[in-house]
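Student: Please take one part of this model and go through it closely. I would like the cut-offs stated along the way.

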Amino acid sequence: MTEQLVDVAIVGGGPAGLSAALVLGRARKRVAMVDEARPRNAVTHAVHGFLTRDGVSPAEFRRLAHEELAAYPSVSLTEDTVVSVQGADGRFELTTARGSKLISRKILFATGMKDKPLRIPGLAETYGTSAFVCPYCDGWELRDQRLVVIQQGAELLHFAPLIAGWTSDFVVCTNGPDGLSEEQRAELREHRVVWHESPIRRIESADGIVRQVVLEDGTALACRGIFFKPELVCGSELPAALGCRLTEAGAVVVDEFGKTNVPGVYSAGDAASRMYQAVAAAAMGAFAAAAMNNEMNLEAWVNRK
């Protein structure tokens, strides 16, 4: 079994992990990033809202990041999966599926979130091409188009005004009971929002482009795009295994600099936030990296006495 001694082990190689690796590499820290290379945004064609990288494909984004990180000899990138973590602040031991072992002073979990299986027939065929989850990421491409919003409950009252910034031509499918109060229904009616409670039978599409959403009551809703709320689970069980606190949604609880309740353990990006945007994840990774670097530098400073 190969063994590597590093300052920081980064688990996950999306925007958060890559950004953290860059900051730590420039801070002359030994960094080992382990990434299983199965990013959640692989279903999409482009990354949007990231200054200087707007419209780049997720694969090209990673390639460019890896190219930049190659300039820092203390940073190593490995395509593998961390299967176990143990230890404590100052000495964590990580084992990978391929039999490698990392001994690390600190850990950053940048493992993101994962989609649960899409239960609506036809949604998987359109996901990332004409069905999306984030208007900030993909709303521009569907501006002024006829859309179907698949959403229910109180969150619909947040999403309806949001999507209205890109198009006023949308209809809501709650895919069953709407979960709304009478006051919320009245608000939607006041803004002329139409919604259907009949369950969705299927989504019909051609080459990934949605044509219509067909409901169980026979209603067929023609549209050009879909926005829906995904069902997500934590991208890794490792933070919980180390004792990190999680939110009800499965995100790691962190402070403003990515620090968890477990000394020496940090988390950033989608794994520790509901702001599911590449630029936000990258920023969180940079802040967490700076906090880890400061922590390690202070430890070294004190030990020099």
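**The contact between the domains**

Tutor: Between domain 1 and domain 2, about 460 Å² is buried, with carbon and sulfur atoms giving 50% of that area. Buried area here is the accessible area (1.4 Å probe) lost by two parts on being put together, summed over both. The model is predicted, so local features need pLDDT of at least 70 and side-chain atom pairs count only at pLDDT 80 or more, while totals for chains, interfaces and linings use all residues. Residues are numbered from 1 along each chain as its sequence is written, and side-chain values use heavy atoms, leaving out hydrogens and water.

Domain 1 covers 5-115 + 231-303 and domain 2 covers 131-228; such bounds come from an automatic or database domain assignment. Their C-alpha centres are 34 Å apart. Five residues of domain 1 and seven residues of domain 2 take part in the contact, where contact means heavy atoms within 4.5 Å.

One salt bridge is counted between domain 1 and domain 2. The term requires a side-chain nitrogen of Lys or Arg within 4 Å of a carboxyl oxygen of Asp or Glu. The side chains of Glu-155 and Arg-274 form a salt bridge, at 3.5 Å from N to O.

On the strands: S9 (residues 147-150) runs parallel to S15 (residues 225-228), and four bridges join them. Strands are DSSP runs of E, at least two residues, numbered from the N terminus; two of them pair if DSSP finds at least two bridges between them. Val-148 has Ile-226 as its bridge partner in S15.
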